[in-house]
Amino acid sequence: MSDTKAIVTEFVKYAICRIAAQAIILSVPGAWPASANANCATIQSSKPLALRERYLKIAPLSTESPIVTTVAELSATPIRTQARQQKPTFRIRPTKGWAALNVRELWKYRDLLWILVERDTKLLYKQTALGVAWVVMQPLIAAVIFAVIFGRVARLPSDGAPYLLFVFCGLTVWTYFSQALQHAGNSLVRNAQLVSKVYFPKLLLPLAQTLRGLVDFTVTLVVLLVLMAIYRVPPTFRLAVLPVFLFFMTLTATGVALWFSALSVKYRDCTHALQYFIQIWMYASPVVYPISMIPEHWRPLFALNPAVGFIEGFRWAVLGHSVLNPNLLCITIVMSLVALFSGAFFFRRAERGFADII
């Protein structure tokens with residue numbers, strides 16, 4: 001600190017002498033005495049000046065140049081120019097044409113998918129008196145009604161199985177399929193604020209609904225096992241194939257739901273048309289009647305409905321009675337994949353305008 005004080009003091013004295021000398025020389029020529037030069041010279045003592053030159057690196061003063069110090073030069077680039085040169089780390093741009101599915105992005109947001117599944121499950125049964133009992137009552141009551149109307153009155157065949165169990169097998173599959181399709185088809189409209197304000201893969205919304213329905217399907221499957229015990233239908237190794245049919249059933253529901261969810265953003269009529277479409281589709285599927293009632297030469301055409309394959313496959317796994325063959329099963333698999341990929345690509349193409357239209 002003492003060295004710094006000495007340097008500052010000497011520098012101030014030196015600057016005053018030089019300024020005063022220049023003022024006198026300019027105003028009165030020859031008025032600067034030699035003794036003044038000597039006095040100013042004595043100010044530049046050896047040690048303080050050495051310290052000054054060592055720490056501050058001050059260049060000698062002259063009448064032509066200002067004080068120069070060796071300070072690091074700052075960039076003269078304007079702030080706006082620097083802001084333009086800084087590129088953003090992530091840009092959100094609308095896709096063009098037929099965009100890819102971008103499965104990597106879906107995997108990146110997998111945590112959000114489980115959050116949506118948990119949220120939708122809680123909201124569905126929040127503030128309900130019966131709660132999860134609705135999952136059991138809907139297919140069970142419908143199965144009893146169908147057993148009376150179609151089993152007792154219409155006398156429809158059931159391939160040798162008890163008609164109530166036969167119908168409940170079909171309704172177990174169809175209840176999951178129809179509810180997943182209905183909830184997923186309206187998922188974008190119900191989450192309009194989320195779609196228009198937050199960026200995330202919009203495909204997660206209908207996909208969360210199809211996955212949420214698996215919780216209800218598991219509960220209904222427990223009731224089916226109870227009915228099997230009541231009617232003394234023993235479980236066999238064929239039950240191990242159920243996840244395969246469940247997988248293709250989920251693919252079909254997701255693919256069809258993607259079509260309706262994308263269309264319902266622009267055309268709200270699809271929300272109302274979806275309910276009638278599901279009702280018509282149920283009677284076009286072997287829910288209350290077996291596929292054996294269809295003439296054999298019409299069965300490949302009938303199997304273009306993917307619900308035919310996984311309903312009959314489910315019955316074969318539970319009851320062991322079905323006329324499902326590998327050809328019909330292959331048609332079901334192909335139609336499920338066609339429904340999934342066509343719905344996914346159409347959804348991706350329409351996704352770019354969701355935030356503007358919804």
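Reader: Is Gly313 buried or exposed, and what is its relative accessible area?

Author: Gly313 is buried, at a relative accessible area of 0%. Here buried means under 20% and exposed over 50%, with partly exposed in between, using a 1.4 Å probe and protein chains only. This is a predicted model, so local features need pLDDT of at least 70 and side-chain atom pairs pLDDT 80 or more, while totals for chains, interfaces and linings use all residues. Residues are numbered from 1 along each chain as its sequence is written, and side-chain values use heavy atoms, without hydrogens or water.

Reader: Which helix holds Gly313, and which residues does it touch?

Author: Gly313 sits in helix H15, residues 306-319; helices are DSSP runs of H or I with at least four residues, strands are E runs of at least two, and both are numbered from the N terminus. Leaving out residues up to four places away in sequence, Gly313 touches Phe245 and Leu324, where contact means heavy atoms within 4.5 Å. Between Gly313 and Leu246 the C-alpha to C-alpha distance is 9.7 Å, although 67 residues separate them in sequence.

Reader: How many helices and strands does the chain have?

Author: There are 17 helices and zero strands. Of the 358 residues, 40% are buried. Among contacts between residues at least 6 apart in sequence, 79% join residues at least 24 apart.

Reader: How many residues of H8 are buried?

Author: The count is 21 of 23, so H8 is largely enclosed by the rest of the structure. Helix H8 runs over residues 163-185 and reaches 32 Å from first C-alpha to last, close to the expected 33 Å; the expected span is 1.5 Å times one less than the number of residues.

Reader: Which residues lie nearest the centre of the largest pocket?

Author: They are Leu106, Leu203, Leu207, Thr254 and Leu340, out of 20 lining residues. A pocket is an open set of points on a 1 Å grid over the protein atoms alone, with protein on both sides within 12 Å along at least five of seven lines; lining residues have an atom within 4 Å of a point. H12 gives the most to the lining, with five residues.

Notes: On a 1 Å grid over the protein atoms alone, a cavity is a set of points where a 1.4 Å probe fits but cannot get out, and a pocket is an open set with protein on both sides within 12 Å along at least five of seven lines; lining residues have an atom within 4 Å of a point.
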